[in-house]
Amino acid sequence: MVKLTPDLINQSMQYMNPCRDRELDLRGYKIPQIENMGATLDQFDTIDFSDNDIRKLDGFPHLPRLKCLLLNNNRIVRVSDTLHESLPNLESVVLTGNNVQELGDLEPLTKLPKLQSLSLLTNPVSTKQYYREYVAFRFPNLRLLDFRKIKLKEREAAKELFKSKKGKELQREIMRKAKLAMPAADKPTVHNATPADIQKIKEAIKRATNLHEVERLTRMLQSGQITGEFNFNGNMETD
């Protein structure tokens, strides 16, 4: 298992892929979580996280250039509710071979305004009754699901189903199951750093009194994210 550090990001393969997009290859490191992505400096259109051990799709700072995420063969069960804020221009998400369980677990992805292609092949969710109909209904701009085009006839049938009394009951049941399956939060609150936050972190680094404090603040600066361990007086909170 390898920690995703700024050094690993900078040393990993970077190239122009066949779609003429700039891609960062982070495959196969057995990374347990996404972090320190501020080190990419938003220079990539595609990032490949395939064949790692990621359990939750989160940990991104604001990366408006990023259009495609490849996440084949991880262990992802959850998606951050704020993914759309971090990655507003994401067009394609490949989650083949993960562990997304419930239809309601897909709700954070519905907030991605430019999402056109989604793959959930070999996830438990893809075997759920009404899977394709639900996705066609909840993702009105999605063109491809599991590499198959969503036809107009499918979308109209899905809309008719979920607008009906039966469909509304199904939606309530879907969301109920997702809430029951949601694990308790086990991490501090995380949000994207604003320019003002970044300046405060830099000032806190200058005032730091020990190496440990400098290292923690530097990691926060590199990741582009603020955690619950930092207060906005510019100090680290300790237990």
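**Entry 1: ground rules**

Before reading the sheet I noted that two strands pair if DSSP finds at least two bridges between them. Strands (E, at least two residues) and helices (H or I, at least four) are DSSP runs, numbered from the N terminus. This is a predicted model, so I kept in mind that local features need pLDDT of at least 70 and side-chain atom pairs count only at pLDDT 80 or more, while totals for chains, interfaces and linings use all residues. Residues are numbered from 1 along each chain as its sequence is written, and side-chain values use heavy atoms, with hydrogens and water left out.

**Entry 2: the whole chain**

I started with the overall make-up, and the protein chain has 8 helices and 14 strands. Of its 239 residues, 46% are buried, where buried means under 20% relative accessible area, exposed over 50%, and partly exposed in between (1.4 Å probe, protein chains only). The chain exposes about 13000 Å², and carbon and sulfur atoms supply 51% of that area; accessible areas come from the Shrake-Rupley method with a 1.4 Å probe, and for residues only the protein chains shown count as cover. I then looked at contacts (heavy atoms within 4.5 Å). Among those with a separation of 6 or more, 52% are between residues 24 or more positions apart.

**Entry 3: the open sheet**

In what order do the strands of the open sheet run? I read E1-E2-E3-E5-E7-E8-E9-E10, 8 strands with mixed pairing. Strand E1 (14-16) and strand E10 (148-149) stand at the edges with a single partner strand each, so one side of each has no neighbour in the sheet.

E1 and E2 are antiparallel, over 3 bridges, and Gln14 faces Leu24 in E2. Their hairpin has 5 residues between the strands, and Arg20 in it takes a positive phi near 65°. On the next step E2 and E3 run parallel, joined by 3 bridges; here Leu24 stands opposite Ile47 in E3.

Leu145 has Arg148 in E10 as its bridge partner.

**Entry 4: Ser119**

Leaving aside neighbours within four places in sequence, Ser119 touches Val93, Val94, Leu95, Thr96, Asp146 and Phe147.

**Entry 5: the core**

Next I looked up the largest nonpolar core, which has 49 residues. Such a core is a set of buried Ala, Val, Leu, Ile, Met, Phe, Trp, Tyr and Cys residues joined through side-chain atoms within 4.5 Å. Phe49, Phe60 and Leu69 have the most contacts inside this core. Helix H1 (6-11), helix H4 (131-138) and helix H5 (152-163) each supply at least two of its residues, and H4 gives the most, with 5 residues.

**Entry 6: positive phi in loops**

Asp42 is not a glycine, yet its phi is positive, near 55°. Asp42 sits in the loop between strand E2 (22-25) and strand E3 (46-48) and is partly exposed, with a relative accessible area of 22%. Tyr130, also not a glycine, has a positive phi of about 70°; I found Tyr130 in the loop between strand E8 (117-119) and H4.
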